[in-house]
Amino acid sequence: MYDTLIVGGRFPDFDAGALVPAEIALEGGKIAALLPPGERPQARRVVDAAGKVVSPGFIDLHMHEEEFAGDSRRYDISEYMALQGVTTCVGGNCGQQNHSMARFKEILAANGGAPANYILLAGYNSLREAEGLGWYDAAPEAVRKRIQSRLAEELAEGAWGLSFGLEYAPGISEEEMTRAVEAVRSFDPFVSIHFRADCEECMSSLEEMARLSRRTGCRVQVSHLSSLAGTAHNMPQSLAFLEREIRENPLLGYDTYPYAAFCTGIGTAVFDMDWREKWGVDYDIILLLHPPYAGRRCTKELYEKVRRETPEVNVVAFAMDEESIRTAIAHPAGLLGSDGSISGGCLGHPRAAGTFPRILGKYVREEKALTLMEALDKMTRRAARRLGLSGKGQVAPGMDADLVIFDPDTIAEGAEFTDITLPNRGIDLVLVSGAPTVENGVLTGALPGRFLCRTN
């Protein structure tokens with residue numbers, strides 16, 4: 001007898017390039033068998049997926065994990081991940097790491113698991129800050145050595161790789177970054193990079209990341225291309241460069257999110273220069289997320305007040321154009337990530353809650369920017385292969401039973417810029433290792449997610 005039998009649905013067969021009908025049997029957290037339509041062996045639970053797609057769980061290549069502030073062990077962002085069909089997510093991006101690997105694993109163990117599987121990167125910016133370096137400081141050789149040692153410790157503890165936030169810490173030189181990656185090259189790290197500069201410096205930022213991959217022989221991921229090339233109409237030349245470079249060096253890659261607005265801290269180095277002139281915008285592109293000004297657009301006076309008094313709060317900036325975002329999502333070379341983060345339980349950009357349903361609803365069904373099979377391949381199989389993540393990303397016997405059942409005719413994001421708690425539509429069931437984390441759009445409270453590292 002199987003644990004679960006999913007009947008009447010169709011799954012994406014990426015080799016065939018089509019949705020294929022099958023009955024899917026689950027046992028012991030794995031996909032046990034794909035059976036011919038109509039074959040109904042005994043199972044403890046039968047799930048009716050008639051008219052639905054049974055997809056591998058979505059893999060979010062770029063998000064920002066829980067802060068677990070103080071003594072809190074509450075899940076915020078990973079609950080929003082589960083509600084949009086994400087079963088594995090990659091945190092520790094943009095150089096920011098909220099906890100050591102050891103501490104993060106300790107919290108997950110104390111909680112008995114998580115709503116989704118977690119992969120974490122070691123944040124280089126955070127390790128720099130722990131050494132007392134400012135954003136613009138060059139790192140002395142002795143400090144670099146200590147940081148490299150800490151990087152090695154974090155990778156040995158289970159980090160999947162490392163990340164840099166060059167725009168947030170301009171003092172990180174290309175040479176410092178290269179030497180840091182070389183110091184941990186034996187771990188075969190996945191290297192995620194938030195660009196150094198956008199607009200007229202967009203191409204030089206991409207070239208820097210491409211050089212790093214070629215010099216070190218490591219996988220380098222251009223993070224959220226939307227934010228880098230979505231401003232000042234830089235997307236066409238950026239994609240042309242990436243297409244050529246990836247063809248010659250497949251170790252390079254990029255991800256992007258499906259919104260024409262980014263989110264970052266109002267007190268960060270992003271706003272240290274004359275950003276209005278650079279982006280050709282004014283203060284009113286900035287939407288405030290935190291009380292007492294939540295939902296308000298900035299004036300010069302309000303922007304300066306909030307940046308001075310609460311520089312730690314996040315804001316949304318509507319600085320990109322929609323056509324750039326659509327092109328980056330549809331391009332065959334690119335993959336997908338939410339860049340999602342949450343503060344205060346429910347404050348954040350809607351990408352944290354609605355990225356994957358939005359792609360399937362807006363860009364696949366409504367705008368036909370890419371096909372359903374193309375989108376699902378980016379979200380699942382190709383993302384797993386990019387990470388070197390075995391056991392995930394396909395519906396096949398022996399694979400982990402990380403699955404999402406959705407209606408392709410109705411799936412859509414619910415989150416809005418003023419309220420990210422609005423529910424997504426069209427997602428019936430989300431399973432992690434065969435255990436339901438979401439049923440009919442509601443969290444079940446189950447915590448089957450694990451911390452994933454190379455030794456799992």
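Predicted model: local features only at pLDDT ≥ 70, side-chain atom pairs only at ≥ 80, totals over all residues.

Q: At what angle do α4 and α5 cross?
A: Helices (H or I, at least four residues) and strands (E, at least two) are DSSP runs, numbered from the N terminus. Axes are lines fitted to C-alpha atoms, for helices over the stretch in contact, and angles run from 0 to 180 degrees between N-to-C directions. Here the axes of α4 (residues 141-156) and α5 (residues 174-183) cross at roughly 40° and come within 9 Å. That makes α4 oblique to α5; angles under 35 degrees count as roughly parallel, over 145 as roughly antiparallel, 65 to 115 as roughly perpendicular and the rest as oblique.

Q: Which residues of α4 and α5 make the contact?
A: Contact means heavy atoms within 4.5 Å. On α4 the residues are Glu 141, Arg 144, Lys 145, Gln 148 and Leu 151, and on α5 they are Glu 175, Glu 176, Arg 179, Ala 180 and Ala 183.

Q: How near do the axes of α5 and α6 come?
A: The axes of α5 and α6 (residues 202-216) come within 10 Å and cross at roughly 35°.

Q: In what order do the strands of the open sheet lie?
A: Two strands pair if DSSP finds at least two bridges between them. The four strands of this open sheet lie in the order β5-β4-β1-β6, with mixed pairing. Its edge strands, β5 (30-35) and β6 (43-48), each pair on one side only. Five bridges join β4 (residues 23-27) to β5, and the two run antiparallel. Glu 27 is opposite Lys 30 in β5.

Q: Is β9 largely enclosed or open?
A: Buried means under 20% relative accessible area, exposed over 50%, and partly exposed in between (1.4 Å probe, protein chains only). Six of the six residues of β9 (residues 86-91) are buried, so β9 is largely enclosed by the rest of the structure. β8 (residues 58-60) runs parallel to β9, joined by three bridges; Phe 58 has Val 86 as its bridge partner in β9.

Q: Is Ser 78 buried or exposed?
A: Ser 78, in helix α1 (residues 77-83), is buried, with a relative accessible area of 0%. Leaving aside neighbours within four places in sequence, Ser 78 is in contact with Glu 66, Pro 115 and Tyr 118.

Terms used. Residues numbered from 1 in each chain as written. Heavy atoms only, no water.
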